[in-house]
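Dear colleague,

I am passing on the structure below, and my notes on it follow.

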Amino acid sequence: MDRILKPKRYLYSELFRMLCETVGRNKTILIDKNGSITCGELKDKVDGMAFSLIKTYGLKLGDRVSIVGANSIDWLLCYWAVIRAGGVAVLENDRLKGEEIARHYDDVEIKWLILGSVSEQLHTELLNTIGKERILSISEIQVRQLTPEETEALDKRESALPARREAFDVFTSGSTQKPKLALISQEALLFVSDKTLLRIPVHSEHHPLFAPLTHILGLYRMVTYLLLGETVVLAAKNSVDEIVRFSKLYSFNELTNVPTIIKQLAEHPEFAEVVKPKIEFLFMGGIKLSPEELTELETLYDARAIVGYGMTETAGSATLINLTDSKEVRYETVGKPLEEVEIRISPFSVGHEEVDRSAEVGEILIRGKGLMNGYLVDGVFTSSTDEEGYFHTGDIGYFDSEGYIHITGRIKNIIIKGGENIMPGEIEHCIAGLPEVKDVIVMGVPDEEFGEQIAALIVPRSGCYVTWESVRSIIEKNHTRFKVPKYIFEYDKFPLNVNGKPDMEFLRKDINKKITRGRWHELRL
């Protein structure tokens, strides 16, 4: 089956209408632990809930409504209903504490916070911090059966709004600074999902979704599955045990998740028998993996990794490989720009011995319908694009001669040692090539003599020991000795933030404390 949506306007309401017309109102489109819903029920319930939000609760155009809860059909109905009614859905991570969620609203006006399935502790914390009068339960919102006239009124309300309007807000991870609110349109998310299917049309009887819907990866993949008209199964928890349980219940061939979960899953005692035989494709988001890590995962799963490049600000993706691309392309690049997405390189001086000198290395700039509308920071809207409409990603990379994009690092992570720009990624790439290394992060630390020094944070493989000589040798084989780390820190595993990414702020503080106290690897330069 080709993609369902070939629209004039990228709107959820049009997607629901086309699903009903193409696969039928009786097609089961969503499943969760409490039951299922058909295409027709989905369309009618979203409209009915949207109408109640307007008539019963007085939701006005542009009102922000927060939604907190685990993945579920009810969560999605609420999310779509807020948008259909002309409001803005603010997506909150249910793994945060109530105090953390409350702090988000110091500078953002929220009409209500709607609760789905959350822990009793979080429920209590939110009542104490947000206040009972501003909290609704999803189950309290009436789903009305609309008349044709009421449906027409909803359509008129929606048609008066541009597809590019702010429809939902996602907090950036905030691992290194105060979280920012990324303002995203329906058009951006549906455009990116639509263009993804031109590149990667992966079909399956079921599409389990483990990534949280409060994260752009979860939303982006969920819409992609709906565009295929195939059934999405929502997991309330993103855990290894849940993936194994789903593998026993459903027929699927693709696994979307953050690399941390995918790596942990391969260590589960039932992986080889229950999970591995199903998986043909690994769709990973969150962090870029080294060629060695990708090789290992493809070998473990006997599956093909779907590699791309994107972020919250690009509604999930801006580049992807083709299914026919070689291993070298999948391991060394992030593919080519999606159709109708423009990417250019803004050059600056940075040292890269391994890069072809004919390549233009610089900051990656992106332009297209998939971009967010902007940021909300301290209650003030900030445009995310320059005067030409390009979003400055802060990532560094280059195009090779075949038009594939290589990512080499981030501007803010450049280590300036003795006035020389050093990219952590090129050092991580070398160290990751050691068979004893399971994971590695390289960062700069303050230094009186050179301004910054290089620190390597290493998670060894079980039973292995990473020697100083092995690190020095592999780096000097590929780079100048100037790029050999001064400090090596060993970790059993890296701490993660709520989005499943390494908590860089914690790690930076941790190693600075250890340097101050003289506690680092005994093998040091």
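Is the crossing of α14 and α15 left-handed or right-handed? The crossing of α14 and α15 is right-handed, in the sense that the near helix is turned clockwise from the far one by less than a right angle. The contact is made by Ile427, Cys430 and Ile431 of α14 together with Val471, Ile474, Ile475 and Asn478 of α15, where contact means heavy atoms within 4.5 Å. By class, the contact of α14 with α15 has six nonpolar residues, one polar and no charged (Ala, Val, Leu, Ile, Met, Phe, Trp, Tyr, Cys and Pro count as nonpolar, Asp, Glu, Lys and Arg as charged, and the others, Gly among them, as polar).

This is a predicted model, in which local features need pLDDT of at least 70 and side-chain atom pairs count only at pLDDT 80 or more, while totals for chains, interfaces and linings use all residues. Residues are numbered from 1 along each chain as its sequence is written, and side-chain values use heavy atoms, with hydrogens and water left out.

As for the whole protein, there are 16 helices and 27 strands, taken as DSSP runs (H or I of at least four residues for helices, E of at least two for strands) and numbered from the N terminus. Of the 525 residues, 58% count as buried, that is, under 20% relative accessible area with a 1.4 Å probe and protein chains only. The C-alpha atoms fill a box of roughly 75 × 50 × 45 Å along the principal axes.

Best regards

Key:
Buried < 20%, exposed > 50% of the residue type's maximum accessible area, 1.4 Å probe, protein only.
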